[in-house]
Amino acid sequence: VLSLEQVLISSRPRGLLETLPAYASLLCNFDPTIASFTGLAEAIRRFEGKLQPVRLSGETVEIATRYDGEDLANVAAATGLSRKAVIDLHTARDYLVYCVGFAPGFPYCGELDDRLSVPRRASPRSNVIAGSVAIAGRQTGIYPVASPGGWNIIGHTDVPLFDVKATPPARFKPGDRLRFVPG
Amino acid sequence: MIEIINSGPGRPGDLAASIQDLGRPGFERFGVPDGGAADWFSAAVANRLVGNRRDAALVEFTGMGASLLFHQDATIALAGASISGVHSFEGDPVWQSHRVAARQMVGFRKLDPGVRVYLAVRGGIDVPIVLGSRSLCERGHFGGGFGRRLRHGDALPIGDLIEDAPRTRPWPLGHRPAPWGPWEVRLIAGPHSDAFPPDALDRLTAVAALVTPFIDRVGLRIETPGLHLQGKEILTTPVTAGSVQVTPSGELIALLVDHPTTGGYPVIGTVIRADLPLLAQARPGDTIRFRAVDEAEAARALRRLEDWLEDH
């Protein structure tokens, strides 16, 4: 997905306005007054089978996290692990940012250790505070701004993730790597 | 300067009104929705009527009105939903421009039919540009001048994004979108057609879909009585304004401009840009009939609206 996005950004097919990557898909916004759907689709398909894997060269960003989340006890109960084991498993590996979505700056990261996999909360919270570190399924993420949310909150961080005055405004972009460290 | 007066009893807190413009394309990869006026066409007409540039910011009122106290002479225009409980307008208030004198108060109470009405002031609302736009990004708590919806007492400065003279005549009847439902809304199949049975879109376009009370700038929840659509789970995927998601309970969510940039429900079809204004004006209880079209028809429909804007 990221390789295709890179060749599209460098080759700039006519009419293509913006691309947005996710796990296994790439959204291409285009101006239909400049390019036709079929023409642009053909231009994009020309790269099929010719893509080189992207080298993810970025460093791993450490996210200092207090494991004091509201759902930590529930996650421990649901997984049959101790709180400490939950924390150890969550901090044990680097995560890849697959996409940024849901809310400004929210990084969808994976993959979580299978043993930590728990479903979303049955009913979402109406207000999750900014900096909440959360897990759902094989994914983990951080709420960059206060918002409703259905993921299980296991901790909090003070690392700023979204700032309209920064360039780019989001701390993470697809392809970045991060690691949670207790503290 | 224009002052927002939150008149009338029983309206605590923020108004369902915000400052919007063309939105902020280019930041979706950072999780920031395009935003901007939900009914982009009515907003463009309102700006056109007062002679503004198309990127001038205006006020989007949703579901209810307010009063505005003008601290200077101004030319304003309204476009979009019909309004009632009007004061200080002469003639038909919507779809034409008006002169307003300093210290004059204009306002309205209710919107119906339609949900959103745009108030443009000649010169545009001059609030700071954040990430390329003056639009409020409610999820991100930024933009729109205040990082929130408008409130009683807010002061809106007037800018100078003027293109030409104000239009003195009303916007032609034939060049306005359908003012009320039932709405025919055109959509393009997919992108997740594979997640549904082959006849799913045919079945959807055969029924009258019903708009539920759950409508906002993120999207509309829509029921399909007598039809239970069932889609397979998909990996989190980018979505866009117009994406029609099918939830596990079989309900539809038609996304609008403040949609999250990614979603986890399969998308059965994508409403064409030319018909997003209809979705933005649909009221709870309205019926929608979806019609499947191809990309060429979508482009023609958009061209038609753009031609209407250029003609006047």
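Of the 183 residues in chain A, buried ones make up 48%; buried means under 20% relative accessible area, exposed over 50%, and partly exposed in between, with a 1.4 Å probe and protein chains only. This is a predicted model, where local features need pLDDT of at least 70 and side-chain atom pairs count only at pLDDT 80 or more, while totals for chains, interfaces and linings use all residues. Residues are numbered from 1 along each chain as its sequence is written, chains are lettered from A and ligands numbered from 1 in the order in which they are written, and side-chain values use heavy atoms, without hydrogens or water.

Chain A has 4 helices and 11 strands. Those are DSSP runs, numbered from the N terminus: H or I of at least four residues for helices, E of at least two for strands. The C-alpha atoms fill a box of roughly 55 × 30 × 30 Å along the principal axes.

Now helix 2, residues 37-45 of chain A. Which of its residues are buried? Leu40(A), Ala41(A), Ala43(A) and Ile44(A) are. They lie on the same side of helix 2 because they cover an arc of only 160° around the axis, the arc being that of the directions from the helix axis to the C-beta atoms. On the other side, Thr38(A), Glu42(A) and Arg45(A) are exposed. The cover over the buried residues includes helix 1 (2-11), strand 1 (16-21) and strand 2 (26-30) of chain A.

After that, Gly49(A) sits in the loop between helix 2 and strand 3 (60-66) of chain A. Gly49(A) counts as exposed because its relative accessibility is 81%.

Notes. Contact = heavy atoms within 4.5 Å.
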